[in-house]
Structure formats: structure tokens, C-alpha cells
Amino acid sequence: MRAVLWLAAIAVAFAAADTYVVVLALPDMMAGVGLSIEELQRAAPLISGFLLGYVAVLPLIGRLADLLGHLPVLVGGLIVFAFGSFLTALSWDLAAMVVGRFFQGLGGGALVPATLALVAALYPAERRGVPLGLVSAVQELGSVLGPLIGAAVLAVADWRAIFVLNLVVGAILAIAIRQMGRSDPGTVARGRPRPDLIALLLLLVAGVAFVLLAIEPTALVQDLTWGALYVPAAGSTRWLTPLGLVTIIATLGFLVKCGLRPNVRRVLGRIAAEVDVLGALLLSFALAGVILAFATADPEVAVFSEQGTWYLVAGGLALLGFVFHLRRAQDPIVPRGAFARTPAWGSVLISFFVGAALVAALIDVPLFARTTIYGDSQLKAALVLLEFLVALPVGAVLGGFLTRRLPAGVIAGGGMLLAAVAFVLMARWDADALRSLSATVVLVAGGLGFGLALAPVNAAILATTEQSMHGLTTSFTVVARMVGMLVGISALTTIGLRSYYAAQADLPSLSSVCTGGGMCEDYQDLLIGAAIAQEHTVFAGAAVCAGIAAVLSVVLLRGAPTRALSPNQTVTAL
């Protein structure tokens with residue numbers, strides 16, 4: 001089963017890499033569905049759709065991992081991720097691409113809590129630090145490999161090749177985990193049912209129809225008879241063409257036919273009986289409101305858009321309904337007492353501030369590099385961030401080792417304090433700072449600090465919650481970190497832009513600085529100074545978030561039983 005764990009960790013890293021690959025390939029993806037670079041706002045659903053799938057239903061997936069076992073959720077998550085990659089690779093319009101990205105997020109998000117819970121199932125509390133650190137390191141390594149994989153693929157092929165690669169790797173990992181993990185005691189017994197030929201036929205029809213719909217063979221489209229298959233019954237969407245309708249109907253028929261099989265009915269019946277569906281929906285709507293509110297925001301205007309206000313209102317109403325439901329439900333999706341111990345709910349709160357601080361480094365370090373010394377070179381700016389990202393998994397492994405000997409709060413608090421100090425130093429960078437070795441030291445220290453905090457936080461929540469709830473509880477740390485990143489980037493960017501506009505307003509007029517007309521070098525330096533002031537504000541805000549995370553770690557993670565027993569403690573325990 002430990003071999004399955006490392007395959008799962010690789011799957012988590014690959015799904016994490018996909019996020020950074022897409023950021024690099026976004027302009028080409030937009031062009032592929034007929035959008036120009038000036039229509040970047042219309043492409044926002046490609047990011048928010050992925051996040052919605054990744055975060056909104058994560059608590060439900062975590063609960064399913066506790067109910068059905070970790071192996072089915074890992075395999076299912078990889079299959080859904082591969083399916084989303086397939087849809088994205090063959091997308092012909094923005095709507096189809098957003099749907100594909102949603103399924104990618106849904107499948108990728110399922111891998112994280114199932115993998116963390118698998119660590120808890122394989123190792124006792126005092127020995128989880130190292131494997132949790134290694135899993136966290138492999139996950140963060142995805143952020144390093146993502147841009148490299150994306151650049152390599154885009155150098156030799158179209159952007160669609162990225163998602164074809166996702167499809168192949170996802171399918172291979174799903175098969176490998178399924179074959180190696182047959183002995184998983186948490187797997188639901190399914191026996192060896194006979195193949196359902198009708199279901200397989202429906203799946204084949206749906207697949208062929210969808211491929212023909214996506215690639216539009218010229219010979220068929222231009223044929224007087226077969227060309228009618230590509231004519232929409234209404235509007236212009238391909239889903240309303242005869243081929244599109246066949247795809248939808250055959251897919252629904254396949255799902256219904258699968259649902260009629262006895263073993264599937266047993267699993268669905270168990271889920272319906274033991275999973276709080278209403279609570280899961282209310283919690284998903286609440287999370288979706290927060291995600292959409294901040295993911296659709298224009299930081300130049302406000303933390304969230306006018307439409308985002310309504311998203312927040314809807315999410316808040318759903319949250320109120322969820323809280324009311326928890327008090328009345330007999331078996332709620334979040335069991336009573338699940339987060340009763342301070343380190344359990346403290347880990348969730350700490351993860352939020354870790355995410356809010358981390359996103360500032362991921363976004364604004366490359367922006368600072370482009371503003372000051374690298375101009376329009378996105379590659380060189382990304383290489384500056386690489387110094388931070390390479391140190392992060394190293395810190396995660398080190399944090400895992402230290403968790404066996406030191407209190408979780410001390411390690412996580414020390415790591416986030418190191419990150420806060422790094423941000424304070426970044427907030428003092430001048431235009432030539434990145435040319436010196438000291439900037440590299442600061443970036444490496446910041447990456448190490450964040451890495452040090454990952455394993456102790458995960459170890460604390462696993463050590464203070466019941467094993468039957470590990471999938472659910474760890475899903476909340478992932479959700480908190482992602483929501484923290486969304487809130488952090490919106491809030492910090494908005495505050496930073498206000499500093500930029502204030503600094504720009506204080507600049508002298510162009511004519512008073514440049515007598516020769518045009519944009520002179522002195523005035524350009526003044527504009528760069530205003531942009532640096534913006535980044536300083538963002539880094540200072542990130543330092544505050546990291547400092548809050550450090551204090552919370554020391555205070556809230558006290559008493560978490562994450563350390564290995566010393567020889568004297570072992571004798572006493574015996």
C-alpha cells in the first residue's frame with residue numbers, strides 16, 4: 001500500500017503542475033476558442049471554473065473517501081481528471097473548455113485529501129511527519145515542474161498536447177493505483193460483475209459522436225447528406241447539432257444504465273444513506289459563492305466586483321442554511337465534534353493565512369522582476385520565482401523530519417516567521433535588488449519558511465481528529481488554503497494598486513521632467529518607482545498574513561500529539 005501512496009503523491013504533483021501549465025498556455029488556449037488577448041476578462045471562467053471544481057465539492061469528496069475508502073476516490077479522481085483533460089483538449093468554444101476545466105479541478109481536488117488520509121491510515125501519529133513532508137514536497141514540486149512542462153510542450157506542439165498528456169498520464173496512474181491497491185481494506189467490495197454490453201455500446205456511441213463533433217472532419221461537414229449532422233437545431237452551439245444531441249443522450253443513457261447495476265446501486269444507496277447530501281450542497285453553494293466573488297473580481301476596481309457582491313450574498317445565505325442544518329441533521333456531513341479540539345480547527349485557520357501570504361510570492365515576485373530588470377521577459381521573471389519554489393519542497397521535507405522531534409506549533413510558527421521576515425525584506429527591495437545575491441537568499445528563506453509549515457499543520461489536524469473523518473477534515477485545510485489564496489490576491493492586489501495610483505498622482509507632470517517630448521528615461525524611472533511602491537505594499541501585506549499564521553501556529557497547535565515518543569516516554573507509556 002505504500003507504493004500506492006507514492007503513486008498518489010505523483011498524481012497530486014501532476015495535478016498541481018497542471019495549474020501552472022495552464023497559466024503559461026492561457027493566451028494560446030484563448031486563441032483556440034476565438035478570443036483575443038484583449039478579451040482576457042472573458043477567459044476568467046477558465047481559472048474560476050477549475051477552482052470551483054477543485055474547492056466547492058472538496059468536503060463532500062473528503063467524506064466519500066472516509067466512507068468508500070481512499071483507493072476508489074484516488075482512482076475516481078484520476079479518471080475525472082483525465083476526462084476533464086479530454087474535454088479541454090477537444091474544446092471548440094469557451095463553454096466546452098470551461099466544462100473541461102471544471103472536471104479537471106474536480107478530479108485534481110479529490111486527490112489531495114485522499115492522499116493525506118492515506119498517510120494517516122498507513123502511519124501512526126508520531127511517524128507521519130516525514131511522509132506528510134514528502135507528500136507536501138512532491139505536491140509543491142508540481143509548481144516547479146508545471147512551467148517547465150508547459151514550456152517544453154508548447155515549444156514542440158499545440159496547447160492541446162498539454163491536455164492530451166494529462167489524459168494519458170491520468171489514465172496510466174489510475175490503472176496503476178487500481179492494480180497495486182487491490183488489497184486496500186477500505187475499498188468497497190465489488191466482486192467481478194459481468195460486462196454490461198449495452199452500457200459499453202452507449203459509451204462508445206457517445207465517444208465517437210463527441211470526437212466527430214470536436215474535430216469536424218472536412219469530408220463530413222461538406223457532404224450534402226452528412227453535413228446535416230453539424231447543423232444546430234437552434235442557435236449556434238454545437239451541443240444542439242444532431243451529433244451534439246447524440247453525445248448528450250448516449251452519455252445520459254450510459255450513466256443511467258450504470259446506475260441500474262446491482263453493485264453500483266449498493267454503493268449509491270450507501271452514499272445516499274450515510275452522506276448528508278443536503279448539507280453537502282449547502283456547503284458547496286457557500287464555497288462557490290466565495291470562489292466566484294473573488295475569482296471574478298477586477299482588483300483595479302475593488303476586492304470583488306459588483307456581481308461578486310451578489311455571489312457573496314448567496315454564499316452567505318447558503319452558509320446560514322448550512323449552520324442551521326448542522327444543528328438539526330441527525331448525521332451531518334461535518335459530524336458534531338469533528339473540529340472540537342483546538343489544533344483541528346486551528347489548522348484550518350492557519351491554512352487560510354498561509355494561502356493568503358503564499359499567493360503574494362507566486363504572483364508578485366515575477367511581477368517585481370518584470371517591472372525592475374527583466375521587462376517583458378516572462379521566462380526570466382519566472383526563473384526568479386523558481387528560486388523560491390525550489391526551496392519550498394526542501395522546507396516541506398525538513399519540516400516533516402522536525403515534526404517527529406519538535407512540537408508542530410513551534411515548527412509551523414518558526415517557518416511562517418521566517419516567511420514573514422522574508423516578505424519584510426522584499427518590501428525594502430529597490431529597482432536593482434534582484435541583481436544581488438541577497439535577493440536569492442531572501443527568496444530561498446521565504447520558500448523554506450512556507451515549506452516548513454506544511455507538514456506540521458497537516459500532522460496536527462490528522463492527530464487531533466478521528467481516523468474515520470480524516471478525508472473530510474483534511475479537505476478543509478485544502479479548501480482554507482485555496483480560499484486564502486483567492487482572498488489574498490484580490491485584497492492585496494487592490495491595496496497595492498491604490499498605493500500605485502497614490503504614488504503616480506504625486507509624480508510631476510511629464511512636461512516638467514522631459515523637455516524633449518515623448519517618454520524620457522527619467523520619467524520612466526519615476527513610473528517604475530510607483531510600480532515598486534505597489535509591490536512593496538503587497539509584500540508588506542503578505543508579511544502581516546505570514547506573521548498572523550506564525551502566531552496562530554504557536555498558540556493553536558499546542559498539544560497536538562505529532563511527535564515520536566522519546567525513550568523515557570516510551571518506558572512511561574508501557
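Q: How far apart are the end C-alpha atoms of helix α16 (residues 408–426), and what should the helix span?
A: Keep in mind that this is a predicted model. Helix α16 has 19 residues, and at 1.5 Å a residue the helix should span 27 Å. The end C-alpha atoms agree with that, being apart by 27 Å.

Q: How do the rings of Phe368 and Trp429 pair up: stacked, edge-to-face or tilted?
A: The structure holds 13 aromatic pairs, and Phe368 with Trp429 is one of them. Their centres are 5.4 Å apart, with 50 degrees between the planes. Planes under 30 degrees apart would be stacked and over 60 edge-to-face, so this pair is tilted.

Q: How many residues apart in sequence are the parts that the pair of Phe368 and Trp429 ties together?
A: Phe368 sits in helix α14 (residues 342–374), and Trp429 is in the loop between α16 and α17. So the pair ties together parts whose separation in sequence is 61 residues.

Q: Is Trp429 buried or exposed?
A: Buried means under 20% relative accessible area. Trp429 has 7%, so Trp429 counts as buried.

Q: What kind of aromatic pair do Phe423 and Phe450 make?
A: Their ring centres are 6.1 Å apart. The planes meet at 80 degrees, so the pair is edge-to-face.

Q: Which residues make the nonpolar surface patch of about 530 Å²?
A: One of them, Leu255, is found in helix α10 (residues 242–259). The whole patch is made by Leu240, Leu245, Ile248, Ile249, Leu252 and Leu255.

Conventions: Residues are numbered from 1 along each chain as its sequence is written. This is a predicted model: local features need pLDDT of at least 70, side-chain atom pairs count only at pLDDT 80 or more; totals for chains, interfaces and linings use all residues. Side-chain values use heavy atoms; hydrogens and water are left out. Helices (H or I, at least four residues) and strands (E, at least two) are DSSP runs, numbered from the N terminus. The expected span of a helix is 1.5 Å times one less than its number of residues. Patches are made of residues with over 30% relative accessible area and no salt bridge: like charges are joined within 9 Å, nonpolar side chains (Val, Leu, Ile, Met, Phe, Trp, Tyr) within 5 Å. Accessible areas come from the Shrake-Rupley method with a 1.4 Å probe; for residues, only the protein chains shown count as cover. A salt bridge is a side-chain nitrogen of Lys or Arg within 4 Å of a carboxyl oxygen of Asp or Glu. Rings of Phe, Tyr and Trp (its six-membered ring) pair if their centres lie within 6.5 Å; planes under 30 degrees apart count as stacked, over 60 as edge-to-face and the rest as tilted. Buried means under 20% relative accessible area, exposed over 50%, partly exposed in between (1.4 Å probe, protein chains only).
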